[in-house]
Amino acid sequence: MKYIMPEINLLKEIEILRYLIEQIESIENFNSGYDEEMFLRNDLIKNASLMKLLVLGEYSTHIDDRLKSRFNDIQWQLIKQARNYYAHVYRE
C-alpha cells in the first residue's frame, strides 16, 4: 500500500500565521513608548505581553512541520521552548 502525504491546508496555515502576527503586533502596541525600565515597573504591560508570548508559542506549534521547514530561518523550536519556559517558570 502506497502512503500518500496529505496536502498542507494552506487556508488553515494562513489563519494561524495571521493570528501569530496579531500577537506580535499586540506586544509591540503594548510596549510602544516604553523603555526597559518602564516595562519592568509596569505589571499590567508585563503580564499582557507575557500572555501574548504564551499564545504565540502555543499556536506556533500548530503550524505544519512541512511549512516550518520552508521557513527554516525562523527558530520554531526556540519559540516553543520560550513558551514552555514562560509557562512553567513563575518566579526566579
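## Helix packing and aromatic pairs

Setting aside neighbours within four places in sequence, Lys68 touches Ser60, Thr61, Ile63 and Trp76. The model discussed here is a predicted one. Lys68 sits in helix α4, which covers residues 65-70. With a relative accessible area of 14%, Lys68 is buried, because anything under 20% falls in that class. A look along the chain from Lys68 gives another bearing: Glu37 is 31 residues away in sequence, and the two C-alpha atoms lie 35 Å apart in space.

Two of the residues that Lys68 touches, Ser60 and Trp76, turn up again where helix α3 meets helix α5. Helix α5 takes in residues 76-88, and its axis comes within 8 Å of the axis of α3, with a crossing angle of roughly 135°. That angle makes α3 oblique to α5, and the crossing is left-handed. On the α3 side, the contact is built from Leu50, Leu53, Leu54, Leu56, Gly57, Glu58 and Ser60. Helix α5 brings Trp76, Ile79, Arg83, Tyr86 and Ala87 to the contact. Sorted by class, this contact of α3 with α5 holds eight nonpolar residues, along with two polar and two charged ones.

Helix α3 also packs with helix α1. Here the axes come within 9 Å and cross at roughly 165°. From α1, the residues in the contact are Ile16, Tyr19, Leu20, Gln23, Ile24, Ser26, Ile27, Phe30 and Asn31. Facing them from α3 are Ile45, Ala48, Ser49, Lys52, Leu53, Val55, Leu56, Tyr59 and Ser60. The contact of α1 with α3 comes out as twelve nonpolar residues, five polar and one charged. Leu53, Leu56 and Ser60 of α3 take part in the contact with α1 and are also listed in the contact with α5.

Beyond the neighbours within four places in sequence, Ser49 is in contact with Ile27, Phe30, Asn31 and Phe39. Ile27, Phe30 and Asn31 belong to the α1 part of the helix contact.

What about the aromatic rings? Searching the whole structure turns up two aromatic pairs. In one of them, the rings of Tyr19 and Tyr59 have centres 4.8 Å apart and planes at 65°, so the pair is edge-to-face. Tyr19 lies in α1 (residues 10-31) and Tyr59 in α3 (residues 43-60), so the pair ties together parts that are 40 residues apart in sequence. Both residues are partly exposed, Tyr19 with a relative accessible area of 29% and Tyr59 with 35%. The other pair is Tyr85 with Tyr86, again edge-to-face, with 5.8 Å from centre to centre and 70° between the planes. Tyr85 is partly exposed at 40% relative accessibility, as is Tyr86 at 35%.

Notes:
Residues are numbered from 1 along each chain as its sequence is written. This is a predicted model: local features need pLDDT of at least 70, side-chain atom pairs count only at pLDDT 80 or more; totals for chains, interfaces and linings use all residues. Side-chain values use heavy atoms; hydrogens and water are left out. Rings of Phe, Tyr and Trp (its six-membered ring) pair if their centres lie within 6.5 Å; planes under 30 degrees apart count as stacked, over 60 as edge-to-face and the rest as tilted. Helices (H or I, at least four residues) and strands (E, at least two) are DSSP runs, numbered from the N terminus. Buried means under 20% relative accessible area, exposed over 50%, partly exposed in between (1.4 Å probe, protein chains only). Axes are lines fitted to C-alpha atoms, for helices over the stretch in contact, and angles run from 0 to 180 degrees between N-to-C directions. Angles under 35 degrees count as roughly parallel, over 145 as roughly antiparallel, 65 to 115 as roughly perpendicular and the rest as oblique. A crossing is left-handed if the near helix is turned anticlockwise from the far one by less than a right angle, and right-handed if clockwise. Contact means heavy atoms within 4.5 Å. Ala, Val, Leu, Ile, Met, Phe, Trp, Tyr, Cys and Pro count as nonpolar, Asp, Glu, Lys and Arg as charged, and the others, Gly among them, as polar.
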